[in-house]
Every structure is written in structure tokens, then in C-alpha cells.
Amino acid sequence: MSALADLINLDLSDSTEKIIAEYIWIGGSGLDMRSKARTLPGPVKDPSELPKWNYDGSSTGQAPGSDSEVILYPQAIFKDPFRRGNNILVMCDAYTPAGEPIPTNKRHAAAKIFSDPSVAAEETWYGIEQEYSLLQKDIKWPVGWPVGGFPGPQGPYYCGVGADKAFGRDIVDSHYKACLYAGINVSGTNGEVMPGQWEFQVGPTVGIAAADQVWVARYILERITELAGVVLSLDPKPIPGDWNGAGAHTNYSTKSMREDGGYEVIKKAIEKLGLRHKEHISAYGEGNERRLTGKHETADINTFLWGVANRGASIRVGRDTEQAGKGYFEDRRPASNMDPYTVTSMIAETTILWKP
């Protein structure tokens, strides 16, 4: 194994200028991640320097076998924490050979919204809290839970410390450092309310870059759990019953919200979000009805409610924002399996572009 590890960690810069680029894309379910690697002649600093590539869409549920070619467009570059050196991870979106975005390409529509002059002028900031669960590989039961049984009730696990409270911290810390190495703006991590459940936060990050970074952070986490022999779950309610679900709370502000008088802008934005509650819920993740029950720090899925410091609301405004008269708010409705391209762009569209 030591010889294999030595080869995996081989530093190519000693013998060649060539680098390895791992092209990443979203598969046919809209949630599964795929990737493959190619050799490039030398270091790359901008996605525009990278060649387009293709893959077999019939094997990912994204094209028929009779016309299976799907084209990858490189969109964002990150340092590769697995191969290191000058090697890179490349976040891509997918198109037909004719240049049309395929149905699972949500980035294309999001880019249109973020490039709108009215949205760009507002410098939208996002902070996304990605919750997830770690499952034992063969039985799909949370790590740290007795096989066929349950741990003690919730209470000691949130931000808990100790072998009987925190399960999977080695994976969490490895992911934290790998994301920072890659250039992802991870701002923190913590154990969650349900044992075996964790969270990392990405942001504050501007516009579509927030979604790019969440997707690549998910990819890195998938790769680390692969190495650890553990299964990553983004299911919004992995265990039925009196256990917290998993969300992707999305913190949001615009330039106008962050300036003096911004609290009034925030309240108007929240009012608009309330008017489009059903549209947002329909785009905020599959299975969210199992999570948004009105219990376990959520509002009921059919109810729109906002409040200051209220974690049982659809939209939470922090005390610091209320006191300062400016700042940000938190949309607590998105599920852990939401598409960050869809959620971030939809919030911007509703609060900036949509006219009631």
C-alpha cells in the first residue's frame, strides 16, 4: 500500500510541465456528480484557456444512445486537493453539439439572471449552509448509529464533542481543509442536531460563483467519503421520525440591503418572496415536504412566515440586522439536495427583477 500511496502522491512537476484537469459535471438526476480527467500541456489560470470536451450522455441519463454526445463547457477552475501541484478541478456545464443547454444544465439560465445589469449592480452575496448526512456503506444507516437501532435522543450532538456524540469528524475536517486548498470560500463547519449529520458553509460569495463553489465542495466531499468508505446523503429527511432533516439555508444580501436604510429593502424583498412562495418551494429540492413539517426548526411547507431570530420561520432575519437597520436575511426553505444554481438565481430574480 505504501508504494501505491507514493504513486498517488507523485509530484509531476519534477518531470513534466503537463497537468491533469478533472472535468466535473452534474449527471442525469440533477444531483449526481460525474467527472473524468484529461492531460493538458501546461498550467491553466482561466477557464477560457481550457478546451471543451464531450461525454456519453446515454450513460448518464442525459441523451439517447442514437445521439449520445454531450459537450462540456469549462466554467470555473479550482486547485485539485487530491493530485495537488498545478493540477486542477474544472466545473463544467453541459450542452448539445448544437450549443443548446441540456435540461439538467441549470447554470446556463442562472448565468443569464446574474448577468442582468440590475442584478450585477446589486452585487448579490450568498452564504449557503450545506447540511448532509454520513451513512454506513452497506446498510445506509447513519455513522455512529447502532445497526438496526437508534442512538439517544437529539440534544447532545449539535456542535458536540466526544466519541459518543461526534461521528465522522475526520471526514469533516479533511473536507474543510481540502476546500480551502481548492480555493473554495468555506467559512466554517459544525456538527448538526441529528447524530451523523454535519454542515459546512460557503460564502459570502458573489453571484454565480457561490453555486459553482457549493457544487465543487459537494464533489470534494463525495471524493473524500469514497476514500473513507462512507456514503454521502443529501436527502432532506434521511431518517423518519423525531430527527432533524437536512437543509441548505441560503443567506442573502444585496448592495442596497447592506447600505443605510437596507432594512426596508429587506422587508420589501421578503414580501416578494412570500408572494412567490409556491414557485420557490417547487424549485427548492425533492422530498422537501418530508422536512418542512413545522417541526424540527422549520416552517410548514404550505406556510410562509418570517421573523427576527425565528428558526421556525421560512425567512429569518438576524437580530444584528434588525439593530443595525441593514444587513442580510436567511431563506430557511431550501432542502439539502437543492440545486444552488436554481436557488441563488431564483432569489435574485424574485427580489430584484420580478414585478408583483
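Helices (H or I, at least four residues) and strands (E, at least two) are DSSP runs numbered from the N terminus, and the expected span of a helix is 1.5 Å times one less than its number of residues. This is a predicted model, in which local features need pLDDT of at least 70 and side-chain atom pairs count only at pLDDT 80 or more, while totals for chains, interfaces and linings use all residues. Residues are numbered from 1 along each chain as its sequence is written, and side-chain values use heavy atoms, with hydrogens and water left out.

**View A. Helix α7, residues 262-275.** The 14 residues of α7 reach 20 Å from the first C-alpha to the last, close to the 20 Å expected at 1.5 Å a residue. Its buried residues (under 20% relative accessible area, with exposed being over 50% and partly exposed in between; 1.4 Å probe, protein chains only) include Tyr263, Ile266, Ile270 and Leu273.

**View B. Strand β6, residues 125-136, and its pairing with β8.** Of the 12 residues in β6, 10 are buried, so that the strand is mostly covered. Strands pair if DSSP finds at least two bridges between them; eight bridges join β6 to the antiparallel strand β8 (residues 197-206), where Phe200 stands opposite Gln130.

**View C. Pairing of β6 with β10 and β9.** Six bridges join β6 to β10 (residues 248-253) in an antiparallel arrangement, with Thr250 as the bridge partner of Ile128. Four bridges, again antiparallel, link β6 to β9 (residues 230-233), and there Leu134 has Leu232 as its bridge partner.
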